[in-house]
Each structure stands twice: as structure tokens, then as C-alpha cells.
There are 2 protein chains.
Amino acid sequence: VSAQTIYWVDGIRAEALPLPDRALEFGDGLFETYLYAENRFFYLEQHLRRLSKGLKRLEFPDCLERVQRQVAQIQQELTDANIQQAAVRLTVSRGSGPRGYAPPETACPRIVINATVGDSDWRKRLPPARLGLAQIRCASQPALAGIKHLNRLEQVLAAQERLDAGCDEMLMADFNDEVVSVISGNLFAVIKGSLVTPALGSSGVEGTRRQLLLEQWAPALGIEANTGELTLDSIRQADELFFTNALVGLRSVASFESLHWEKHPVCDALYKLYAGDNS
Amino acid sequence: VSAQTIYWVDGIRAEALPLPDRALEFGDGLFETYLYAENRFFYLEQHLRRLSKGLKRLEFPDCLERVQRQVAQIQQELTDANIQQAAVRLTVSRGSGPRGYAPPETACPRIVINATVGDSDWRKRLPPARLGLAQIRCASQPALAGIKHLNRLEQVLAAQERLDAGCDEMLMADFNDEVVSVISGNLFAVIKGSLVTPALGSSGVEGTRRQLLLEQWAPALGIEANTGELTLDSIRQADELFFTNALVGLRSVASFESLHWEKHPVCDALYKLYAGDNS
């Protein structure tokens, strides 16, 4: 059951990446994961905003117009090919350069896009997840926090732990026992009727759906939602847990370690809003 | 004056990397930088030992024999082509895999080698370096410390700072003001006649020349050399500073911030040993 994946390098169908490339050499780049369905990419604006922040943080030349042009082209190609749904990854590498860590004086970012075609329906909600606790911790690095850069070995090692543990997702904490996120998404806790998600000042990725939830979805339902500190202890005492990402939208947590949550009324309400009113 | 670079993917001359590749996607891999001169790669054993440690840490399948075979093949190709000297980079990626962070059940690591041909003489010592202090700090992550993995954005950002500052190298410290290394090498301080280099338990790369210095070169000259803590303050009061890496061997530090060192007797003696007796 291998899903079909199509690749583009700088807008042209390709099977290989030209060498040298600084994303391969140093993880010198950024990425976005888009949900494509119903003939369009979801939430382009939110993805572009995060990418823009990352490009500035890594001091890349501005290439947002090229990104927008290529995303529009590929949206058209997927639509023309009658593809129902796809997980689309956009990778922006700093491109080629001479030997060594120093970025070239005039970098020309390389844009790699791949579309993994699937036939599921994005509206179909996934069952509540069994959540484990990753042994690997997230390092504190404010200079790289929030953006979706390519240095993802912590997530890779946590995903290996997830496979070994047989969980659906893993909670990732920092070295101070503060919750950061799950491997592929942002965690929200319901505490006394309000939503709290980690502030991500020192590590983690500011997810597009996290932003939407904080800025639009929770306010639309009159639910208070804030960023703040979430300790492992506060997670264990939460009334409800769920996480967000671009592909699943929102997913409730059924269990964490030996704790179980039977009902997920806040996530239920938010999911209804998410699946009913998507733009 | 662009140096010529030759690329091999899994032992075959290539100009591109097959997609997908997890090194591109997540920095999921390791690398080594070899000095090639006089018809051979220097210190193969030390490089192999570090690579082996990294492969185990990232839970890669053992591919050391393939690495050794390809390195031997490329050594022969460079020799046949009459190349005097080259900086050779070996990258081991976890290879291809399905979408997402989780490593494939049976990964097949991909080996990418590139040789950047130069005509300098490795024995020729570089002048003492002007050292700056990188604003970016090294995050603490014991799970990734010591190994030469591909998540190198901290070094990339420090190298950008180096260009902006007009320095030859930058000192990198952690968030506790403990010295970690320079961008492309390991730092040694001479304090009361003994050598000290950071222990690298939480960040940094255990350099091959650092190991050689600790285990062979310093003992051969009767100089005490230890790993330990080096604060920024202790660096400023050192009698002498130098750093090591695979391409320059050892390089003295002429200045750090407003401090200057005119003489470098310990590095002079070590360099003589290094350049005279190389295997």
C-alpha cells in the first residue's frame, strides 16, 4: 500500500535534487506541509506567514513570490489530474553553495515540492489517540523556535520511540519538564474550561492550525484560548487533551501513560467548526 | 576561483540525489570531512569510529563496510586522476522512506561523497586566526552531542555572523557561558601548561583531530591534555588558544575580542608533530 508521490524541483517534475544542496548538507532550509483537497491547498495564508518568518530568521533571500507561483501551478496540476486529496510538502533549501557552513553571498533558494496522493476524506475524523511520552527532550534554542526548519532529528528519534512504544503520538517535553508539543502537531489542554497551548519561545513549531485555533476557531465558539506554560503535571490533570496539525486538523487524546479521557466535548465542538467551515 | 567538486551517490558519479531523501527532509543523517592528500585519506580509523558512534546513536542499520568500500574506491579514483589534495565530504543519509518523521522499518542508508579539489599543501600552516564570539548559542541536547549529524543550523547561523564580523572563526558557547567549540573545529586552551578542551557532553562534535591530540599528540610531547569545563572567562585568561579540524590540522588563535596572543609555543610544537608525522 505505498502511496504515490510526485516531486517537483523549482516547478519542474523531477526525480532527483541537484547537487550540491545545503538542505542535504546542513538541514539549511524550511518546510511546510499542506493539506490539498477539494481542488485547493488549505490555509495558504497561514502557511505563507510562517514560511516568511522562517525565511527572515535564517536570513534567506525573499522567495515568497516564487513559492506562491509554484504552489499555484501545482494546485492546478493536481486539480487537472483529478486528485482528490494529497499531503503536499514544500521544502525551501538555501540551495547550492561552496564547501562549508557559511551561506553563499547570494543564495538562490531551491524549492522542492512533493505531493503524496491519498484517497481518504479530510473531513473524516481520526479516533482519539493513544499518547506516549518521548524520552528524548526538546533542546532550548530560541533562535530556531517557532519556525519549521529542517533540523528535525529530535522528531525523528521521538518517532522511532513512538513505533517502539506502539503509540499514535508522543508528547515531547523540554529539559525543564515543560510540555512543547507532540511530534507532528501542537498540544492543547482544557483546564477549567479554557484552552492552553505551550508558548513555544524556546522550542517547537508554531503550527498553522494552532494559530487558527487561537485566533479564529476558539473565539468563534466563545472559548478562551491562550499560550502559556504547561508542565507535565498540569497535562496529567487536564480535563481534556487534543492536538492539531495540517493533515488531521484536530485529534483528541484518548490516553496518556496510564490516564484515560472518555469524553472530549471541547475538541468535538472545535472539530465540527473545522470540518464544516473550511477555507 | 571556484574549486572543482566531484559527486558520487552510492559509489557512482552523479549530479543529483534521488528523491525522496530523509537527509533533505529532516537532516536525518551524519557526515565526515576527510583530508585527502598524498594519495590517501588521512586518519580513516578515527573518522570511522566517530561515524560508527553516530550510526548507533541514530539507530541506522550498520553500513560501515559499504562506507569503507566506497571510500577506498574514491581514494583510488582521486589517485588515478592525479589529484594532489581534496576536501572530501561523506554524507550518510537514512535514505528514502514514506512520508513523515518515522524512520522506515528497513532503512537503506544512502552514501553521498563529494571531493572538492584544491591545490594547496596540507602541511602549510595557516596564520593565527582572529576569533569572534558567536551571538547564537549551542543548545543542550545530550542525545545528539558528540556525533557529526546533519542538523547544523546553529553552525550555519554562526558562520553568517562570522562573515558579518569579518573574523576567521567564531567561538560558540552554550546558554551557561560554557565554551563548546569553534564553528568548524574544537577549541583547546593552554592553562598553566596543560591543555583543556570542552567535554562535549551536551553539544558540539567530537573532532577526529581532537581525539588524536588527546590520545596521541599531546602525550607524545609530554603535555597534559584533558577534557573539562571551559568558561568564557577562563578562555579570556588562557595562556594560548588554538583549534583543530580535519582540514587545517591545528590553528593558533591570534585574537579573541580585544585580547591578543603573540606567541603560541604549545600549538607550534604540536603542529610540528602533526605536519611531520602524519598517517
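I looked up Asn39(B) and found it in the loop between strand E4 (29-37) and strand E5 (40-41) of chain B. Strands here are DSSP runs of at least two residues, helices (H or I) are runs of at least four, and both are numbered from the N terminus. The phi of Asn39(B) is near 65°, which is positive although the residue is not glycine. Asn39(B) is partly exposed, at 45% relative accessibility. For the record, buried is under 20% relative accessible area, exposed is over 50%, and partly exposed is in between (1.4 Å probe, protein chains only).

I note that this is a predicted model, in which local features need pLDDT of at least 70 and side-chain atom pairs count only at pLDDT 80 or more, while totals for chains, interfaces and linings use all residues. Residues are numbered from 1 along each chain as its sequence is written, chains are lettered from A and ligands numbered from 1 in the order in which they are written, and side-chain values use heavy atoms, with hydrogens and water left out.

Next I checked Lys192(A), another residue other than glycine with a positive phi, near 50°. Lys192(A) sits in the loop between strand E11 (186-191) and strand E12 (194-198) of chain A. Is Lys192(A) buried or exposed? I found it exposed, with a relative accessible area of 78%.

I then looked at the prolines. In chain A, Leu19(A) and Pro20(A) are joined by a cis peptide bond, with omega about 0°. Pro20(A) falls in the loop between strand E3 (16-18) and helix H1 (22-26). In chain B, a cis peptide bond with omega about 0° links Leu19(B) to Pro20(B), and Pro20(B) is in the loop between strand E3 (16-18) and helix H1 (22-26) of that chain.

Asn245(B) came next. This residue belongs to strand E14 (residues 240-245) of chain B and is buried, with a relative accessible area of 18%. A polar atom of its side chain lies 2.7 Å from the backbone nitrogen of Leu247(B). Leaving aside residues up to four places away in sequence, Asn245(B) touches Ser184(B), Gly185(B) and Arg209(B); contact means heavy atoms within 4.5 Å.

Last, I compared the chains. Chain A superposes on chain B by a rotation of 180° with 0.0 Å of shift along its axis, at RMSD 0.0 Å. This is the relation of a two-fold axis.

Notes: A polar contact is a pair of N or O atoms within 3.5 Å; within protein, one must be able to donate a hydrogen and the other to accept it, and residues adjacent in sequence count only if both atoms are side-chain atoms. Copies are superposed by least squares on the C-alpha atoms of residues with pLDDT of at least 70 in both.
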